[in-house]
Amino acid sequence: GGTVMTNNIGQMTEALGFDSDLTPASLALFSAAQAASRVITGAVSEAALSWKLPWFCGYLSSGGKGLARPAFLVVASVVSAAAHFSLAIATTEEGFALGVTLSGIAFGMVWPLMVLITGEVFGTLHVGANYMFFDGFSSAAGTLLLSKFVAQTVYDDHIDESHGDSVDEGSNRCFGTECFQLSHFIVSVLSLTCIISSVGLIWTTKDVYRRS
């Protein structure tokens, strides 16, 4: 979802009819949120490995005591789903800012977790190559599929509709909540499916964190 935001945030603010000054402000807000999230997530996920969890959180444990690091991917997925659902229904600058902030937090959480989990699961000898496979492939695929094909297709499909009877044949700008609404809903649904895969990762890596 983060690449959808960074590549289309200018068109999003324009489509919703917000002031043009909101675009750089939104980018700054997204960047600050994801930068802070990267730092905090790394530190908290490390400390969480030694937390004492209540019995009902056993399925999130690291195989012994503590919270498994992949459990934070579940949190990131939930935050991402909430972020893009908020953006899908946002009609005010405050609602849009909330969605942008949550999206930045979720986007920032993923990358330090990917580095750490990759090193812990596959070892540190080839951590660079292993991480770049996951990071490079997912970033490229996500940018191409979500930012280019999905978001742009939805945007283009609503151009004529947003202009109504006064459509300008030469216009390539969309206005209204529908311009990106479906794209945000799609990202929200994909984020929810990530919860399932993240829980699966917790279970498959229990032995890794039990030994650590």
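The crossing of helices H2 and H4 is right-handed, a term used when the near helix is turned clockwise from the far one by less than a right angle. Helices here are DSSP runs (H or I, at least four residues), numbered from the N terminus. The model is predicted: local features need pLDDT of at least 70, side-chain atom pairs count only at pLDDT 80 or more, and totals for chains, interfaces and linings use all residues. Residues are numbered from 1 along each chain as its sequence is written, and side-chain values use heavy atoms, without hydrogens and water.

H2 spans residues 22-48 and H4 residues 93-122. They pack at an angle of about 40°, with axes 7 Å apart. Axes are lines fitted to C-alpha atoms, for helices over the stretch in contact, and angles run from 0 to 180 degrees between N-to-C directions. The contact of H2 with H4 comprises 14 nonpolar, ten polar and two charged residues. In this grouping Ala, Val, Leu, Ile, Met, Phe, Trp, Tyr, Cys and Pro are nonpolar, Asp, Glu, Lys and Arg are charged, and the others, Gly among them, are polar.

The largest nonpolar core holds 23 residues. Such a core is a set of buried Ala, Val, Leu, Ile, Met, Phe, Trp, Tyr and Cys residues joined through side-chain atoms within 4.5 Å. Buried means under 20% relative accessible area, exposed over 50%, and partly exposed in between (1.4 Å probe, protein chains only). Among the residues with the most contacts inside the core are Met-5, Phe-96 and Val-100. Helices H1, H2, H4, H5 and H7 each supply at least two core residues. Beyond neighbours within four places in sequence, Val-100 is in contact (heavy atoms within 4.5 Å) with Met-5, Ile-9, Ser-26, Leu-29, Phe-30 and Leu-87.

Three salt bridges are found in the whole structure. Each is a side-chain nitrogen of Lys or Arg within 4 Å of a carboxyl oxygen of Asp or Glu. Glu-14 and Arg-173 form one of them (2.7 Å, N to O). This pair links helix H1 to the loop between H6 and H7, 159 residues apart.

Arg-69 bridges to Glu-46, with the closest N and O atoms 2.8 Å apart. Arg-69 also meets Glu-120 (2.5 Å, N to O). Glu-120 lies in H4 and Arg-69 in the loop between H2 and H3, so this pair ties together parts 51 residues apart in sequence. Shared partners join Glu-46, Arg-69 and Glu-120 into one network. Arg-69 is buried, at 1% relative accessibility. Glu-46 is partly exposed at 45%, and Glu-120 is partly exposed at 29%.
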